[in-house]
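Trainee: I would like to go through the aromatic contacts here. Can we begin with charges and rings?

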Amino acid sequence: MELFYYMVFGALGAVVAAMELSKSNKDRVNTSSAFNSFKNNYLLVYSLMMAGDWLQGPYVYYLYTTYGFGKGEIGQLFIAGFGSSMLFGTIVGSLADKQGRKRASVTYCITYILSCITKHSPQYKVLMLGRILGGIATSLLFSAFESWLVAEHFKRGFDQQWLSLTFSKAIFLGNGLVAILAGLFGNLLVDTLNLGPVSPFDAASIFLAIGMAVILSSWTENYGDSSENKDLLTQFKGAAVAIASDEKIALLGAIQSLFEGSMYTFVFLWTPALSPNEEDIPHGFIFATFMLASMLGSSIASRLLARNSTRVESYMQIVFVISSASLLLPILTNFLVTPSKVKGGGISFAGCLQLLGFCTFEACVGIFWPSIMKMRSQYIPEEARSTIMNFFRIPLNIFVCIVLYNVDAFPITVMFGMCSIFLCVASILQRRLAAIGDKPKTEDWAMLKEKDGEVEPLNDP
């Protein structure tokens, strides 16, 4: 492996360690022992859930190829996963609000375990079922757990600022350290122990089962708007009205979709961007480097969120601009650096520059997650939190499906340029959100429910 990879990884590791060890009192928040116990319990569960997710990621495509499927068939499987998340996401989100977030979290574990089991079959229809189950599970992962945490946090009377501590630490562990360890553990199972490409999915099932046991034994149930026996259509309509009537919620949804759409596009494009001439690059080590950069971002976010004087709405404008600039590097290097014509070999000079830019983008991702969680906890009404959060994922999943379907139709530079534009738009929308963030809502949730009650139900004769 080239020295360059070690240098980047080592530099990032040193900076992350230095930031964590150099935290002063102003970077820390004094909390109670009851909160610390609550936080640690959630972090344990979240880390186990993310371990179950990260173990699968690097091996899904590889497993399908070992079963003999081509790029087109594999693309259809991936589209089925995102399409499933789009079609069923809002439904399961509404069920989480109505039937309980703890129950929804357990459902995530069961659904994802079943998805892992399907990976043992080489039958295309069985694998397609697994992707559909995986899409449903993903919707629950990114809504039910956060909804449970926010509701339980306030139900127990903890300070609102302490919520940021849990968010930043969850991303630091779940999207950073756990991702790195999961990648190394998966590599151990597949390459070192030669247990086959399905072994990471079996390991993921075990972690998910352990997490489910912790949830069942230690979590209490909480709900969204359970004051009335509302059907799913009414909940769905209420969430749509909340988004349409509150500009802050609509802006937050647009910002999230633009950033996450760019992020998922980046996931598909970084490999061909770094190896345009089939250069031999260490995918696993680069992935671990990206996760380390994400840990750096979450460490920065924890410092920013710990300070009352720093508004998340303000600094996120800068984060989006930096992330937009970092994804312009493939375009700039294409014009400024003479491309190599030699097939194979090590990473090129242009690839080295792009790798540094991609690490910068991943650091922005690390800042984004706890920050968007903080804003969601402020602006999204508790009564329909899971439903609205999955509403946000509808345009995201549509966008990702379109990108997957047309991934070979446009040059990589065009795709990165599109992502950079999206991130610029996100910065502009973030500026607008910062300007109106302190303004009171024109209508609160209770008023919306009263208005909704005045409308004759659609299923009445």
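Mentor: A charge sits over a ring if NZ of Lys or CZ of Arg is within 6 Å of the ring centre and within 35 degrees of the ring normal. This is a predicted model: local features need pLDDT of at least 70, side-chain atom pairs need 80 or more, and totals for chains, interfaces and linings use all residues. Numbering starts from 1 along each chain as its sequence is written, and side-chain values use heavy atoms, without hydrogens and water.

Trainee: Over the face of which residue does Arg131 lie?

Mentor: Arg131 is 4.6 Å from the ring centre. The cut-off is within 6 Å. The ring belongs to Phe78.

Trainee: Are the rings of Tyr42 and Trp219 stacked or edge-to-face?

Mentor: Rings of Phe, Tyr and Trp (its six-membered ring) pair if their centres lie within 6.5 Å; planes under 30 degrees apart are stacked, over 60 edge-to-face, the rest tilted. The centres of Tyr42 and Trp219 are 6.2 Å apart and their planes are at 20 degrees, so the pair is stacked.

Trainee: How many residues apart are Tyr42 and Trp219?

Mentor: Tyr42 is in helix H2 (residues 33-54). Trp219 is in the loop between helix H9 (199-218) and helix H10 (232-245). Helices are DSSP runs (H or I, at least four residues), numbered from the N terminus. The separation is 177 residues.

Trainee: Is Trp219 buried or exposed?

Mentor: Buried means under 20% relative accessible area, exposed over 50%, partly exposed in between (1.4 Å probe, protein chains only). Trp219 has a relative accessible area of 4%, so Trp219 is buried.

Conventions: Helix = DSSP H or I, 4+ residues; strand = E, 2+ residues; numbered from the N terminus.
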